[in-house]
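I opened this notebook to record what I looked up in a structure that was new to me. The entries below follow the order in which I went through it.

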Amino acid sequence: MDTLPHEKQIQEYIKTIENLKKQNENNALFNQEIKKLEQKLAKLKEKVYGELSPWERVQISRHPARPHSIDYIQNITENFHELSGDRLFSDDHALIGGLATIDGQKCVIIGQEKGKDTETRVYHNFGMLNPEGFRKALRLMKLAEKFHLPIISLVDTPGANPILEAEERGQGWAIADNLKEMARLRVPIVVVIIGEGCSGGALGTGVGDTVGMLEHSYYSVISPEG
């Protein structure tokens with residue numbers, strides 16, 4: 001498990017408590033000590049997470065173990081049917097989406113996906129959409145409008161793909177077109193920032209009637225490094 005700098009002391013407490021519990025399995029010598037440590041751990045967590053700096057929040061939003069779009073889709077939807085391609089160039093794996101049912105309500109759900117390990121991160125291009133990704137998102141949203149379905153958009157990206165090929169294929173145009181068209185859609189759009197929400201990469205699927213953010217996510221006009 002990846003431990004962030006501000007979590008080191010918390011992890012030390014957790015390891016100490018786990019070791020004491022193992023030693024305590026056949027002998028209740030450490031019951032009181034374990035309770036005291038658990039109380040100290042709770043207070044430490046409250047202190048650490050109550051005094052986070054902006055950069056520490058960014059680090060949490062990027063944590064490898066943080067749930068991604070695919071996790072939310074798998075856990076909150078029933079009968080998810082993924083749809084692929086933008087019908088112009090190719091299928092952008094940085095964006096997943098399709099038809100789904102949530103608690104009996106039919107909808108279209110789209111999500112920017114970063115991947116969980118080296119192989120899947122490369123496959124999903126670290127959540128950085130190409131123009132075809134934005135066009136794919138718009139195609140699915142237009143489908144939602146046609147069938148009068150609400151749209152859920154999960155945002156988690158360090159930004160749109162900045163490579164030359166993406167610019168040659170109309171990256172700026174694709175994002176601008178999405179902004180215009182999402183503002184015109186005649187169905188409800190719920191946008192949730194689940195991790196990083198950077199620059200035009202986030203805005204390209206981030207126009208909605210309701211925009212929410214999960215705890216320790218962030219939304220900015222450019223990445224902190226930029």
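This is a predicted model: local features need pLDDT of at least 70, side-chain atom pairs count only at pLDDT 80 or more; totals for chains, interfaces and linings use all residues.

**A pair of helices**

I began with helix 6 (residues 131-146) and helix 8 (residues 171-184), which pack at an angle of about 15° with their axes 9 Å apart. Axes here are lines fitted to C-alpha atoms, for helices over the stretch in contact, and angles run from 0 to 180 degrees between N-to-C directions. Helices (H or I, at least four residues) and strands (E, at least two) are DSSP runs, numbered from the N terminus. I noted that helix 6 and helix 8 are therefore roughly parallel to each other, where angles under 35 degrees count as roughly parallel, over 145 as roughly antiparallel, 65 to 115 as roughly perpendicular and the rest as oblique.

I then listed the contact (heavy atoms within 4.5 Å): helix 6 brings P131, F134, R135, A137, L138, M141, K142 and E145, while helix 8 brings Q171, A174, I175, D177, N178, E181, M182 and R184. These residues divide into 8 nonpolar, 2 polar and 6 charged, with Ala, Val, Leu, Ile, Met, Phe, Trp, Tyr, Cys and Pro counted as nonpolar, Asp, Glu, Lys and Arg as charged, and the others, Gly among them, as polar.

Residues are numbered from 1 along each chain as its sequence is written, and side-chain values use heavy atoms, with hydrogens and water left out.

**The chain and its interior**

I found 9 helices and 7 strands in the chain, and of its 226 residues 44% count as buried. Buried means under 20% relative accessible area, exposed over 50%, and partly exposed in between (1.4 Å probe, protein chains only).

In helix 4 (residues 69-76), I saw that S69, D71 and I73 are buried, and that the buried residues of this helix pack against strand 1 (78-82), strand 2 (95-102), strand 3 (105-112), strand 4 (151-157) and strand 5 (189-198).

**One lysine**

Last, I turned to K21, which lies in helix 1 (residues 8-23) and counts as partly exposed because its relative accessibility is 41%. Leaving aside neighbours within four places in sequence, K21 is in contact with I34 and E38.
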